[in-house]
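Colleague: Please take a close look at a single part of this model. I would like one connected account, with the cut-offs stated.

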Amino acid sequence: MRTKSIGKKKINIVTLGCSKNVYDSEVLMSQLKANGKEVVHEDRGDIVVINTCGFIDNAKEESINTILEYVEAKNRGEVEKVFVTGCLSERYKPDLIKEIPDVDQYFGTRDLPILLKHLGADYKHELVGERLTTTPRHYAYLKISEGCDRPCSFCAIPLMRGAHTSTPIEKLVSEAQKLAKKGTKELILIAQDLTYYGLDIYKKRALGDLLKELVKVEGVEWIRLHYAFPSGFPEDVLDIIREEPKVCNYIDIPLQHINSDLLKSMKRGTTHEKTDALLAKFRLKVPDMAIRTTLIVGYPGETEERFQEMKEWVREQKFDRLGCFTYSHEENTTAYVLEDDIPQEVKEARVEEIMELQSQISWEKNQEKIGKIFKCVFDRKEGNYFIGRTEYDSPDVDNTVLVSADNTYISIGEFAEVKITSAEEFDLYGELI
């Protein structure tokens, strides 16, 4: 019986983890397609490439379970080959080879040309900036740098992604132009650290310079900022957010904690007082800005008193958007020498306390929106509702705006004016104007 040649086999890319991994998978898919390969994303294929996450315990567990799932499928004859790439593979390759030897090959985060060779493809330098996007056509992630130079004690990203490397402005503008020609209207800027952008190649923080060029791209209507580091934040960016209509009044700035002693142990380069001063500056310069943050509970040494300090701070700050995670004790990080002294059940209870508080804050803020009109972009239709977002909301992680489809039709990817008629903790309901 003849088997299909390597050129005819369908390659299935499976993406786990954060938006940076989504971006990397899209680059891989573009390269494969340019080599004449049939490629799908999280569908059925003869060859499977799993792009893993190795950030915290839950992510590692999901990645390992996914690898095992496809290895079992391979052993049943349902797929021919299983390749693993991404952060988990970068960090734990020797252990993975030993523990899951049935994987055909493991690759690190910067092994794209080698991975392509194993898939019967050549790395095409002329395709830099080209991607086969997996997000809805109207929005796309734009990764402006790779790696991280920050010394955060709890974080393993530098072990997996390497040192910070900025992508030159002209390359990012070119990529944005290509995306816009394909229908992208919203660019979501991502990096391990937006704040650091440009220091390596321009010898200064150049996020503001990048934004000034990106707003010139025709067809792009919204530009959103994700993952800014609080220490050394370039204040000229605040002026651009305030003055430039295309830059959303939104920022994602993971603050992690507020107790000054824990921030010092975390090596965050800031204090309770400095963090409050930065947030006050944000709100002074851009009064209409939505601030998203993420927090860690259960870090070594987080006494009940220190946790209550953070809880009270959350109550005072009233963040527009907030996520909370339990501390994960990661080997080879500088915090690993500390005793992981908070029981897991206490960590999880603290997450629940923070998120319950944030749910009430979000409900109160959403009640204030009733009767107001917002420009929204619509991402999809679910059941009897069109699901959209305001400029204050990023896809998948933030609030949504629901408009009944009973007597209304909205084109997916289009913008519309919506009057809010009612609100819940994380959902707004409205009608077209």
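Modeller: **Annotated cysteines and the domain around them**

The "binding site" annotation in the unreviewed UniProt entry covers Cys148, Cys152 and Cys155. UniProt positions are given in the numbering used here, feature names are shortened, and such annotations may be inferred rather than shown by experiment. The model is predicted: local features need pLDDT of at least 70, side-chain atom pairs count only at pLDDT 80 or more, and totals for chains, interfaces and linings use all residues. Residues are numbered from 1 along each chain as its sequence is written, and side-chain values use heavy atoms, with hydrogens and water left out.

Start with Cys148. Its place is the loop between strand S7 (145-146) and helix H5 (157-161). Helices (H or I, at least four residues) and strands (E, at least two) are DSSP runs, numbered from the N terminus. Is Cys148 buried or exposed? Cys148 has a relative accessible area of 13%, so it is buried. Buried means under 20% relative accessible area, exposed over 50%, and partly exposed in between (1.4 Å probe, protein chains only). Leaving out residues up to four places away in sequence, Cys148 touches Ile157, Pro158, Gly162, Ala163, His164 and Gln192. Contact here means heavy atoms within 4.5 Å.

Now Cys152. This residue is also in the loop between S7 and H5. Its relative accessibility is 11%, so Cys152 counts as buried. With residues up to four places away in sequence again left out, Cys152 touches Phe229, Met266, Lys267 and Arg268.

Next, the domains. The assignment gives domain 1 (10-126), domain 2 (135-368) and domain 3 (372-432). Such bounds come from an automatic or database domain assignment. Between domain 2 and domain 3, the C-alpha centres lie 25 Å apart. In contact are 23 residues of domain 2 and 27 residues of domain 3. The two domains bury about 2,100 Å² between them, and carbon and sulfur atoms give 47% of that area. Buried area is the accessible area (1.4 Å probe) that two parts lose on being put together, summed over both. Which residues lead on the domain 2 side? His138, Trp222 and Asn366 supply 29% of the area that domain 2 buries against domain 3, more than any other three residues.

A salt bridge is a side-chain nitrogen of Lys or Arg within 4 Å of a carboxyl oxygen of Asp or Glu. Glu414 pairs with Lys185 in a salt bridge, with the closest N and O atoms 3.0 Å apart. Elements giving two or more residues to the domain 2 side include strand S9 (186-190), strand S12 (290-297) and helix H12 (344-367). H12 gives the largest share of that side, 5 residues.

Two backbone points remain. Lys203 is not a glycine, yet its phi is positive, near 60°. Lys203 sits in the loop between S9 and helix H7 (207-214). Its relative accessible area is 66%, so Lys203 is exposed. Gln256, also not a glycine, has a positive phi of about 70°. Gln256 lies in the loop between S11 and helix H9 (260-265). At 11% relative accessible area, Gln256 is buried.
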